[in-house]
Amino acid sequence: MSITIAVTGLHRGENPQPGYGVIRSLRRHSRDLHIIGLVYDVLESGIYADQGADQIYQFPYPSAGAATVLGRLDYIHHCCPIDIFIPTLDSEIHLLVGIADEIKQRGIRAMLPTEESYQARSKANLWQLAEACQLNTPLGETVTDVDRLVQAAAKIGYPLMLKGQYYEAYKIYSQPQLIDRFHDIVYRWGAPVVVQRYIEGPEFDVVAVGDGKGGVAGSCSIRKTILSEKGKGFGGITINDPRLEELAFSLVKELKWFGPIELEFIQEEITGDYFLLEINPRFPAWIDFPAACGVNLAALVVEALWEGRMPEMPSCRPGKFFLRHSIDVLCNVEDMGTLATVGEWTPLGKTDE
Amino acid sequence: MTNISRLQQLLVNDNGFAFDPNTGLTYNISLTGLDVIQWLKQGNADAEVISLICEQYEVGRATAEMDYNGFLATLHSYGLFSAGDGDSK
């Protein structure tokens, strides 16, 4: 029996989203899947890429509100009944957490954290969480206005990191740059903004799937080997550091996290200590990399939701690495036109030829 | 005691390309360094490694000792040796 899975976040540009990687992972796991791509923009590159979704539907931005999102979900669910929903974007998870019961009532299964878990890992609450788990996190503050911003920066000192509540992080060297970037981030992602002490050192990432009871069903740890200008991991290598794994697992345990989670750390060059940078409530953009190494966490989510079991995953063998590789995707303007006007499109027999 | 647990984990190929699975770092090691790591992994003490360097590379003990200590310092700086390591036996 074919399972229908809806996935969001199909863009693979400068700031790549995880959805296309999730779809590729699912395709590795089983061919008997019907995958629906829910997109916010007709220019999300994964819409037109090979081995992508079987059907595409436009989806309203979270800012449209729960009623609009549920209304659109109902329409899509009526056209093509969805069994499993895997959201992949920070900006949509909070709204979905709030309507998790409504989603469930429609017979759609999703791995979503509780509101409490979701809030506890937010950038604003990171310091309390780190304290509860007895681990380091850079000194920081959440600010909503320029006065508080400047005060916080004076306390922390330059250089520092300035981060949006969902996306974007910048290394800041001076007050004029600080204020400029603050307005820029607030304009794009809204307040609050996080000001954080800058720590020099290599960055590490752990992706995991929490079972909702404090356990970890599967995980993969990497050292980021290439960072883009926006701080995105464009290259990484699998590692096996029990100390890092222990820190990550203690956070999943404290949060009783249910579903996909990405934990970002930096290792202070001088001390060798790990500092928790942030926790994202979804898979990272490099999620298909562990799947290619035999640790298919997207498939694990489907198995857990569909069969009610979480098979134990093997560990990722250290020494596998990925490099992000950009290609140009051929698209037909008629296809984009259909999606833009009708709101849905079925990519039939798509090839890169 | 010399702590070679991190060195034991180091994955090294015949050409001297090494990968530390703990940190994800990679290194290029000279052929001499490769021999030294191999001897240390086999459990040889510092004095024995120095003797092996003298034999293998036909150098005097003072030179071998200086090069060996320099190499250990490099390993230490990469965290492949713990602080306070001394003679292995």
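**Interface of A and B**

I looked for salt bridges between chain A and chain B first, and the count is zero. The model is a predicted one, and I read every entry below with that in mind. I then turned to polar contacts across the interface of chain A and chain B and found two residue pairs, both at pLDDT 80 or more. I looked up the residues taking part in the contact: chain A gives 10 residues and chain B gives six residues. The two chains bury about 590 Å² between them, and I noted that 55% of this lies on carbon and sulfur atoms.

**Chain B**

I counted four helices and three strands in chain B. Along the sequence I read the pattern α-β-β-β-α-α-α. Chain B has 89 residues, and 39% of them count as buried. I also checked contacts in chain B between residues at least 6 apart in sequence; 45% of these join residues at least 24 apart.

**Five-stranded sheet of chain A**

I traced an open sheet of five strands in chain A, in the order E4-E1-E2-E3-E15 and with mixed pairing. E4 and strand E15 (344-345) of chain A stand at the edges with a single partner strand each, so one side of each has no neighbour in the sheet. I looked at E1(A) and E2(A) as a pair: they run in the parallel sense over six bridges. In this pairing I found Ile5(A) opposite Ile35(A) of E2(A).

**Cores**

I met Ile5(A) again in the largest nonpolar core, which has 40 residues. Ile5(A), Leu26(A), Ile86(A) and Phe283(A) are the members that touch the most others. I listed the elements that give two or more residues to this core, and they include strand E1 (3-8), helix H1 (19-29), strand E2 (33-39) and strand E4 (84-86) of chain A. Which element gives the largest share of this core? I found H11(A), with seven residues.

I followed Ile86(A) and set aside its neighbours within four places in sequence. Its contacts include Ile5(A), Val7(A), Val22(A), Leu26(A), Phe283(A), Val301(A) and Val302(A).

**Trp306(A)**

I located Trp306(A) in helix H11 of chain A.

**Hairpin of E6 and E7**

I examined strand E6 (residues 160-164) of chain A, which pairs with E7(A) in the antiparallel sense over four bridges. Lys163(A) stands opposite Ala169(A) of E7(A). Four residues lie between the strands of this hairpin, and I noted that Glu168(A) takes a positive phi near 75 degrees. I then sorted the faces of strand E7 (residues 169-172) of chain A: Tyr170(A) and Ile172(A) make up the covered face, whereas Ala169(A) and Lys171(A) make up the uncovered one. In a regular strand the side chains alternate between the two faces of the sheet.

Notes. Residues numbered from 1 in each chain as written. Chains lettered and ligands numbered in written order. Predicted model: local features only at pLDDT ≥ 70, side-chain atom pairs only at ≥ 80, totals over all residues. Heavy atoms only, no water. Core = buried A, V, L, I, M, F, W, Y, C linked by side-chain atoms within 4.5 Å. Buried < 20%, exposed > 50% of the residue type's maximum accessible area, 1.4 Å probe, protein only. Contact = heavy atoms within 4.5 Å. Pairing = 2+ DSSP bridges. Buried area = accessible area lost by both parts, 1.4 Å probe. Salt bridge = Lys/Arg side-chain N within 4 Å of Asp/Glu carboxyl O. Polar contact = N/O pair within 3.5 Å; in protein donor to acceptor, adjacent residues only side chain to side chain.
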